[in-house]
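I opened a new notebook page for this structure. The entries below record what I looked up, in the order I looked.

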Amino acid sequence: MTRAKRNRLIYNCVTFAVVIIAFIVLQSMIENKTITRALKGQLIPICCWIVMAVSLNLVIGISGELSLGHAGFMSVGAFTGAVISGWLLNAHGMENETLRLVLAIVGGGIAAGIAGVVIGIPVLRLRGDYLAIVTLAFGEIIRNLVNVTYIAVADGHLVFSFLKKNVPEGARMLVDGASGAVKISKISTFTMGFILVLFTLIVVLNLINSRSGRAIKAIRDNRIAAESMGVPVTKYKMMAFVTAAVLAGMAGALYGLNSSTVVPSQFTFNQSINVLVFVVLGGLGNVLGSVISATLLTVLPEVLRAFADYRMLVYAVVLILVMIFTNNPTIRSFADRLIAPVKKLFGGKHSDKGGAQA
Amino acid sequence: MFQMKFVKDVMKFVSVCDIFKKKIMHETQNGQEKRDGKAGNALKKAVFCKKTRREQKCGRKMSIIHFTFSKEFEYCIFHWEESSMKKFLAMALVLALCLTSVAAMAEVNISIAHIGPTTGPAALYGLATLHGAEIAVEEINAAGEFKINLINEDDEHNVEKAVNAYNAAMDAGAQVILGNTTSKPCEAVSAVAVEERVFMVTPSASSEAVIQGLEAGTYKDNMFQICFTDPNQGLASAEYIVEHELGKKAFVIYNNADVYSIGIRDTFVAKAAELGLEVVGEEVFNDETTDFTVQVAAAQNAGADIVFLPIYYTPASLILQVAAAREYKPIFFGVDGMDGILSIEGFDTSLAEGVMLLTPFVATSEDEKVKSFVEKYQAAYGETPIQFAADAYDGIYTIVAACKAAGVTDGMSAEEVCEALIPVMPTLTVDGITGTMTWDATGAVSKTPMAAVIENGVYVIDAE
């Protein structure tokens, strides 16, 4: 086993271990009823934001493209998931919640994936920051499109229209224009959230460490060199981008079905930037970093509730401090020294740079 | 009722003391001698401290009770100080019992959580409801009988944060929720609260989905509104315009990306057709619109003499500016979202002269209760209260009136309070500063709407 391989193995094991241990601890806290209501209520959103951050990291950190519309894919997933779940329940009377949830998540992923392909095909052929601009516009388009979309179940059929008057009287509204998805039956569970996080980690880590992943990273590091080696640039960029879109759609479906209502204005540009902050703070290309930063930054504003109106101010200061500290060479070398024994345990001789950026 | 409970508690306490006394006698007979050790002194001191604190807390009433008991009480403690830990615990239990029973005698403690956006884009509304609630709580606490502990949680006008805020409030021990201020967050929170059985009164979340249940035609039984639902505002506006013959040709400008605006517009247009008010045209805009020339020009070209604006005050202020520039002077008629137009910074309030709005609350009213509320509000926050503040003020009084009617006592869980309050709400009539309110089982309020007109930079009740 080469050193690079060994480091990668350690890194992946640690990533999975962190997630699984966190799940076991939280699950036992729920069983013992020692968990606070505030934390329990945040568990599913945390899972969603972890998946969002890890998938965006695939686009930004691994393939080196800037995407500013990740919340748009989440939005597509959320509304598709809500429609699928509502349709199965109201038109087909499917009572099995777990099955409905799984189908909704899969459906949300597929819908977001299609949106990803539609955007990716023209844009990823270009060089430069076009993806950033197009994804930014995509997020806004989706939001305004949902604002005028009416989807309802009438007599067991799905009715779709851009005008409310076309929806027959007495139909069960699923997506009600600017009201968004309404009267969703909440079926998301923490266990499903955990499974989705694991699924995301397996997909992303395997992709990163595969032949395709190496090609994607080669394109990021030097596009011309990679092209001259015969790597099809558009194909591999599409692979990363669409995978990220599918995962974001899945997270969106889970997120949407966790609330009784979802509004298009929840998935704005600000939300995309929020996910971008998770990724940057966790470290570009660092999957475990994304998991941790998504968790902490979701919980942080809630923990800071004691500061009342000043909490977002404190939040900003904390962000800046974390940025400074994680980039401080003294603190980094100290952290590496802490990690060194763990690496030795796996048989490593030296502790290089640490962080083991896969 | 109250007196009876007081006497009962005293009786209970006396009997407990008696049992103690007997036990002590029994033990001394068994050969245990009274001793004055170090531990004894410490305990005596502790009891004394507790006593004084208790007295401070409960005031005069407490000290009277205390005098009647103190002899026996100290006697008990004196003899028990030397016995085992177990007995000491039993002692503490009696103390605790004594403390809680005394508190119950004085007043009913209830924790109410206000949830609304105190930061973010809708902060003006959230702060108004918070301030209104604070004034009501102050008044009620000063009057005695009820002691309200007001918890405030910020929802940032965001669905996800709203549920977090609700959970944080419940962790902090809230029994009843006053909230949310805005519709969408309220829909999300009420869906959780109806399952967890927590009683909610919203001051200003006006969409119908707030009170509707998951299935068609069902309603959340725990959810009550202080404000009109959106469709009712549309109905009332059309009726008011026709009744007072404000105009013949109406024009509607509304936000088609906003549930609130669409809801009011739909019923307004339907009712106008029914009453024979001609709607000569409609124009739409969305959240990002900053130039209203097209919309205003369309209204002007259609020759409308009344322009109905079921929108919030920020776009309304821009519409007024465009209309003034074009020298177009119809009657502008708004709904509760228009409230607040006079407090926009940098807005020339002379432009709003003659604007009418449908609102249940007018700060310049001559009504005694309204006057006193406005005075207190101005003294505390340095501004004239808007309708949202008045709604929240009435919300707190409604909760308290319901608690009174249901006989809510100290230490009930949120679920018990909820089950107790639900049946009394439809029987309740609350005479508040936004009108005399009654509710049906669906949770929708019925009260008389009023129209206010802006004259010389203040809202006055429409004289017609």
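**Entry 1: domains 2 and 3 of chain B**

I began with polar contacts, and across the interface of domain 2 of chain B and domain 3 of chain B I found one residue pair in polar contact, both residues at pLDDT 80 or more. I note here that the model is a predicted one. On the side of domain 2 of chain B that touches domain 3 of chain B, the elements giving two or more residues are α4 (123-143) and α12 (387-406) of chain B. I sorted the residues of that side by class and got five nonpolar, two polar and two charged. I then looked for salt bridges between domain 2 of chain B and domain 3 of chain B, and the count is zero.

Next I checked where the domains run. The domain assignment of chain B lists domain 1 (2-106), domain 2 (109-228 + 367-448) and domain 3 (231-359). Taken over C-alpha atoms, the centres of domain 2 of chain B and domain 3 of chain B are 29 Å apart. I found nine residues of domain 2 of chain B in contact with twelve residues of domain 3 of chain B. The area buried between these two domains is about 970 Å², and carbon and sulfur atoms give 60% of that area. I noted that B:Y125, B:F228 and B:Q387 supply 47% of the area that domain 2 of chain B buries against domain 3 of chain B, more than any other three residues.

**Entry 2: chain A against chain B**

I moved on to the two chains. I found 29 residues of chain A in contact with 31 residues of chain B. The area buried between chain A and chain B comes to about 2600 Å², with 45% of it from carbon and sulfur atoms. A:R37, A:K183 and A:R305 supply 26% of the area that chain A buries against chain B, more than any other three residues.

How many salt bridges are there between chain A and chain B? I count five. I looked at the side chains of A:R143 and B:E288, which meet in a salt bridge at 3.3 Å, N to O. A:E140, A:R143 and B:E288 are linked in a network of salt bridges.

The elements that give two or more residues to the side of chain A that touches chain B are α2 (37-62), α5 (130-147) and α11 (287-303) of chain A. Of the elements on that side, α2(A) gives the most, with six residues. By class, I sorted the side of chain A that touches chain B into nine nonpolar, eleven polar and nine charged residues.

**Entry 3: salt bridges within the chains**

A:D176 counts as buried because its relative accessibility is 14%, whereas A:K164, at 39%, counts as partly exposed.

I also looked up B:R197 and B:E419, which form a salt bridge with the closest N and O atoms 2.9 Å apart. B:R197 is in the loop between α6 (183-196) and β4 of chain B, and B:E419 is in helix α13 (residues 414-424) of chain B, 222 residues apart. B:R197 has 16% relative accessibility, so I put it down as buried. B:E419 has 40% and counts as partly exposed.

In chain A, A:E302 forms a salt bridge with A:R305, the closest N and O atoms being 2.7 Å apart. Is this pair buried or exposed? Both A:E302 and A:R305 are buried.

**Entry 4: two single residues**

I looked up B:N222 and found it in the loop between β4 (199-202) and β5 (223-225) of chain B. Its relative accessibility is 0%, so B:N222 counts as buried. A polar atom of the side chain of B:N222 lies 2.7 Å from the backbone oxygen of B:V198. Leaving out residues up to four places away in sequence, B:N222 touches several residues, including B:A193, B:F199, B:C418 and B:I422.

Last, I found A:M239 in helix α9 (residues 233-256) of chain A. A:M239 is partly exposed, with a relative accessible area of 26%. Not counting residues up to four places away in sequence, A:M239 touches A:L207 and A:S212. The C-alpha atoms of A:M239 and A:S212 are separated by 8.5 Å, and the two residues are 27 residues apart along the chain.

Notes:
Residues are numbered from 1 along each chain as its sequence is written. Chains are lettered from A and ligands numbered from 1 in the order in which they are written. This is a predicted model: local features need pLDDT of at least 70, side-chain atom pairs count only at pLDDT 80 or more; totals for chains, interfaces and linings use all residues. Side-chain values use heavy atoms; hydrogens and water are left out. Domain bounds come from an automatic or database domain assignment. Contact means heavy atoms within 4.5 Å. Buried area is the accessible area (1.4 Å probe) that two parts lose on being put together, summed over both. A salt bridge is a side-chain nitrogen of Lys or Arg within 4 Å of a carboxyl oxygen of Asp or Glu. A polar contact is a pair of N or O atoms within 3.5 Å; within protein, one must be able to donate a hydrogen and the other to accept it, and residues adjacent in sequence count only if both atoms are side-chain atoms. Helices (H or I, at least four residues) and strands (E, at least two) are DSSP runs, numbered from the N terminus. Ala, Val, Leu, Ile, Met, Phe, Trp, Tyr, Cys and Pro count as nonpolar, Asp, Glu, Lys and Arg as charged, and the others, Gly among them, as polar. Buried means under 20% relative accessible area, exposed over 50%, partly exposed in between (1.4 Å probe, protein chains only).
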